[in-house]
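The following report describes a single protein chain for a computational reader.

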Amino acid sequence: MDGGNYSMVSEFLLLGLTSSWEIQILLFLFFTIVYVAIMLGNILIVLTIISDHHLHSPMYFLLANLSFIDTGVSSITTPKMIYDLFRKHKVISLKGCITQMFFIHTIGGTEMVLLTVMAYDRYIAICKPLHYMTIMSPRMCICLLAVAWTIGLIHSVVQLAFVVNLPFCGTNQMDSFYCDFPRFIKLACVDTYRLQFLVTANSGFIAMGTFFILIVSYIFILVTVRKHSSDGLAKALSTLSAHITVVVFFFGPCIIVYVWLFPTLPIDKFLAIFDVIITPFMNPVIYTFRNKEMKVAMGRLLVKSLHFRKSPFMHSLSNSG
């Protein structure tokens with residue numbers, strides 16, 4: 001094929017979720033409400049943990065970082081998806097597509113590792129409570145967080161190294177609402193079978209590897225606690241249930257999309273909604289409504305903010321008097 005044709009495609013046409021105008025209106029309302037809830041809920045968690053000294057512990061440090069990451073996960077694709085619902089031609093430039101994929105896999109890979117770190121934190125807290133603060137020191141928490149971001153960045157850069165120089169000279173239609181490697185590579189005008197396998201192996205390895213580590217760690221925690229007391233098992237189950245729920249919501253769609261031998265299934269764009277909308281929305285709900293300390297701390301933050309707003313108002317009244 002003539003190399004001159006390789007520069008023909010400079011943008012991609014996203015087909016979106018549906019072509020029905022009525023469904024698009026419903027999706028616009030649903031995604032807008034959920035996105036606002038995601039941002040407010042996760043930012044509230046971060047502010048609560050930062051402002052309340054009762055929550056300055058390793059578990060809540062990691063939770064604040066998970067909430068921060070969830071705002072990023074949702075913001076990479078959701079605003080454009082909402083905006084595109086009312087556009088006839090949903091386009092994204094080649095550079096914009098590559099940038100979106102970079103951030104999706106950097107933040108996604110970081111969240112996978114962070115969830116593993118959070119499982120390790122629960123293991124230490126439940127199985128080695130006397131050594132918890134020694135092992136999970138502030139220095140250790142920061143190091144683990146740095147490792148999570150480093151792995152996420154390496155994972156994303158390795159993926160991009162495979163695809164950044166691919167030539168595109170045919171169709172530019174992408175049956176999705178965002179850019180991701182499976183559909184992106186399918187549009188290249190060269191044989192990409194080996195490349196598809198390499199990218200699938202990369203994403204599949206990190207998804208399956210971290211998921212396997214998480215499941216094994218949860219089983220190990222439950223078995224260890226069960227040996228000591230049956231009451232402890234019930235408490236451990238209650239503590240881990242929130243983590244397990246988040247893990248299932250996050251890893252389920254990832255494994256289906258990336259481990260199924262590079263499928264580009266018709267349903268994969270709907271499964272992606274779980275990772276960019278549902279999981280970031282569920283995290284604040286799960287970790288807040290199931291956590292008494294977080295609810296009490298949010299109450300204190302609300303009282304503090306109301307008092308802060310009330311004080312200048314009362315001060316202005318006294319001066320006018």
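## A loop residue: Lys128

Lys128 counts as partly exposed because its relative accessibility is 37%; buried means under 20% relative accessible area, exposed means over 50%, and partly exposed lies in between, with a 1.4 Å probe and protein chains only. Lys128 is located in the loop between helix 3 and helix 4 (132-135). Helices (H or I, at least four residues) and strands (E, at least two) are DSSP runs, numbered from the N terminus. When neighbours within four places in sequence are left aside, Lys128 is in contact with Tyr123 and Ile135, where contact means heavy atoms within 4.5 Å.

## Basis of the model

This is a predicted model, in which local features need pLDDT of at least 70 and side-chain atom pairs count only at pLDDT 80 or more, whereas totals for chains, interfaces and linings use all residues. Residues are numbered from 1 along each chain as its sequence is written, and side-chain values use heavy atoms, with hydrogens and water left out.

## Overall architecture

The chain contains 10 helices and 3 strands. From the N terminus on, these elements follow the order β-α-α-β-α-α-α-β-α-α-α-α-α. Of the 321 residues in the chain, 47% are buried. Among contacts with a separation of 6 or more, 79% are made by residues 24 or more positions apart.

The 3 strands form an open sheet with mixed pairing, in the order 2-1-3; two strands pair if DSSP finds at least two bridges between them. Strand 2 (91-93) and strand 3 (173-174) are the edge strands, each pairing on one side only. Helix 3 (residues 94-127) packs on the sheet and touches strand 1, strand 2 and strand 3; the direction of helix 3 makes about 85° with that of strand 2. For such angles, axes are lines fitted to C-alpha atoms, for helices over the stretch in contact, and the angles run from 0 to 180 degrees between N-to-C directions.

Strand 1 (residues 11-14) and strand 3 run parallel and are joined by 2 bridges. Gln173 in strand 3 is the bridge partner of Leu13.

## Helix 2

Helix 2 (residues 58-84) should span 39 Å at 1.5 Å a residue, and its end C-alpha atoms are 40 Å apart, which agrees; the expected span is 1.5 Å times one less than the number of residues.

Helix 2 bends by about 40° at Ser75, and a proline, Pro79, follows within four residues. The bend at a residue is the angle between axes fitted to the seven residues ending there and the seven starting there.

Thr110 belongs to helix 3 and is buried, with a relative accessible area of 0%. Leaving aside neighbours within four places in sequence, Thr110 is in contact with Ile69, Ala148, Trp149 and Gly152.

Val113 is also found in helix 3, and counts as buried because its relative accessibility is 11%. Not counting residues up to four places away in sequence, Val113 touches Ala148 and Ile151. Val113 and Leu145 are 32 residues apart in sequence, with a C-alpha to C-alpha distance of 8.7 Å.

## Thr224 in helix 7

Thr224 is found in helix 7 (residues 193-228) and counts as buried because its relative accessibility is 19%. A polar atom of the Thr224 side chain lies 2.7 Å from the backbone oxygen of Phe220.

Definitions and conventions
A polar contact is a pair of N or O atoms within 3.5 Å; within protein, one must be able to donate a hydrogen and the other to accept it, and residues adjacent in sequence count only if both atoms are side-chain atoms.
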